[in-house]
Amino acid sequence: MTDLLYSEVEEDLRASVRDLFKDRAEPAALIARTETAEPYDLKLWRTLAADLGAAGLAVPEALGGHGASAREVAVVMEELGRSVAPVPYLGSAVLATSALLAADTSQAEVAEPLGKLAAGTLIGALAIPLSTAPGAEFPSTVTAAADGTLSGQVRSVVDASVAELIVVPAVGPDGPGLYTIDASAAGVTVTEAISLDLTRRIADVTVENVAAKRVAGGSVAASALDTALVTAAGLLASEQLGIAEWALTETVRYLKERYQFGRQVGSFQSLKHRLANLYTDLVNARATARYAADCLASGDDVAIAVAVAQARNSPIAVHAAEEAIQLHGGIGMTWEHPAHLYLKRAKSDEIALGTPGRHRAALAPLIDLPA
């Protein structure tokens with residue numbers, strides 16, 4: 001049976017992650033960090049990934065993880081949306097980890113990096129453009145030579161600028177394959193690109209005759225890559241839920257404190273209507289995000305659940321962040337207020353892993369709707 005409610009374990013996990021972000025990723029610090037040469041908070045990442053164990057939630061215990069499921073990972077993603085904390089969770093704990101989990105984990109070339117990713121001692125990235133949607137053709141911008149070395153370039157790779165291990169889809173003499181490379185190896189160049197989202201960066205990855213380990217080939221490689229994309233798209237819906245929840249909560253709080261004409265601004269009927277609309281959107285977003293997470297955990301109805309969640313939650317997160325900025329008035333337009341960070345994350349997420357239109361197009365044939 002599908003269960004959209006949060007379990008006691010999930011609520012405890014949420015409380016721990018929220019307390020960490022409240023203490024270590026407060027808005028003023030986030031804004032200040034975006035203006036430095038180190039936009040990622042790697043100390044915070046080590047605490048989240050290693051001390052709290054959030055990096056290994058989806059990894060089986062036999063491989064060094066916690067043997068949880070996508071439901072627990074979704075809870076962490078929600079809190080990332082609420083805090084926009086500058087940590088490489090999407091690239092490492094979701095994309096790279098999911099790709100390796102979908103390969104043959106009995107191989108040492110797969111199990112060893114998985115254990116390190118799960119322990120939080122290694123940061124990973126999956127070398128695909130962040131905009132790549134589930135169901136896309138296997139990428140061919142990187143080629144594998146007969147000796148196993150890789151050459152080519154992948155643009156707009158999320159969290160690549162701090163990655164230590166990069167999982168690279170490449171096409172070789174035997175067809176598609178998944179390879180792992182050391183990000184610090186000779187021939188690897190990671191160039192940070194200009195990113196709209198100031199708390200989650202993208203970078204271009206260039207490889208020139210780089211030694212690599214093949215972890216999957218043929219149909220297994222293609223399936224593993226698509227599994228990672230589907231998993232990440234479904235979990236991203238939970239981050240979008242967190243963004244919308246922050247926007248509504250902070251806007252309601254502000255409108256209760258702000259007075260005009262001798263009364264609370266939030267008491268004006270027109271603003272109440274807009275907040276009510278945001279609340280109904282939030283309830284809708286929570287239902288679709290939780291359903292997607294539950295389906296990813298059970299393996300049932302995954303394609304439909306993920307497509308619905310992304311098609312619905314992307315515009316909800318953007319609209320909620322836009323309303324937060326407008327309803328905050330002048331202060332919402334300033335650099336010092338964190339609302340712009342949430343709008344930038346929402347707009348970035350809207351493009352990431354497939355646009356809403358792309359997911360609606362994928363959904364139509366699944367539920368027998370005409371194109």
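In this predicted model, the side chain of arginine 345 makes a polar contact with the side chain of aspartate 197, at a distance of 2.5 Å. Arginine 345 belongs to helix H10, which covers residues 339–351. Its relative accessibility is 1%, so arginine 345 counts as buried, the cut-off for that class being under 20%. Apart from residues up to four places away in sequence, arginine 345 touches Leu80, Val84, Ala85, Asp197, Thr199, Arg200, Glu239 and Ile243.

Aspartate 294 is located in helix H8, residues 269–298. When neighbours within four places in sequence are set aside, the contacts of aspartate 294 are with Thr2, Asp3 and Arg71.

Backbone geometry is considered next. Serine 156 has a positive phi near 60° although the residue is not glycine. Serine 156 is part of strand S3, which comprises residues 149–158. Aspartate 159, likewise a residue other than glycine, has a positive phi near 65°. Aspartate 159 is placed in the loop between S3 and strand S4 (165–172). How is each of these residues classed by accessibility, as buried or as partly exposed? Serine 156 counts as partly exposed because its relative accessibility is 27%, whereas aspartate 159, at 0%, counts as buried.

The accessibility values discussed above are collected below.

| Residue | Relative accessibility | Class |
|---|---|---|
| Arginine 345 | 1% | buried |
| Serine 156 | 27% | partly exposed |
| Aspartate 159 | 0% | buried |

Helix H9 can be examined through its length and its axis. H9 consists of 26 residues, 302–327, and at 1.5 Å a residue it should span 38 Å. The C-alpha atoms at its ends are 36 Å apart, which agrees with that expectation. Where in H9 does a kink lie? A kink of about 25° is located at asparagine 313, shortly before proline 315. After H9 comes glycine 329, which has a positive phi near 70°.

Methods. Residues numbered from 1 in each chain as written. Predicted model: local features only at pLDDT ≥ 70, side-chain atom pairs only at ≥ 80, totals over all residues. Heavy atoms only, no water. Helix = DSSP H or I, 4+ residues; strand = E, 2+ residues; numbered from the N terminus. Contact = heavy atoms within 4.5 Å. Expected span 1.5 Å × (residues − 1). Bend = angle between axes of the 7 residues up to and from the residue. Buried < 20%, exposed > 50% of the residue type's maximum accessible area, 1.4 Å probe, protein only. Polar contact = N/O pair within 3.5 Å; in protein donor to acceptor, adjacent residues only side chain to side chain.
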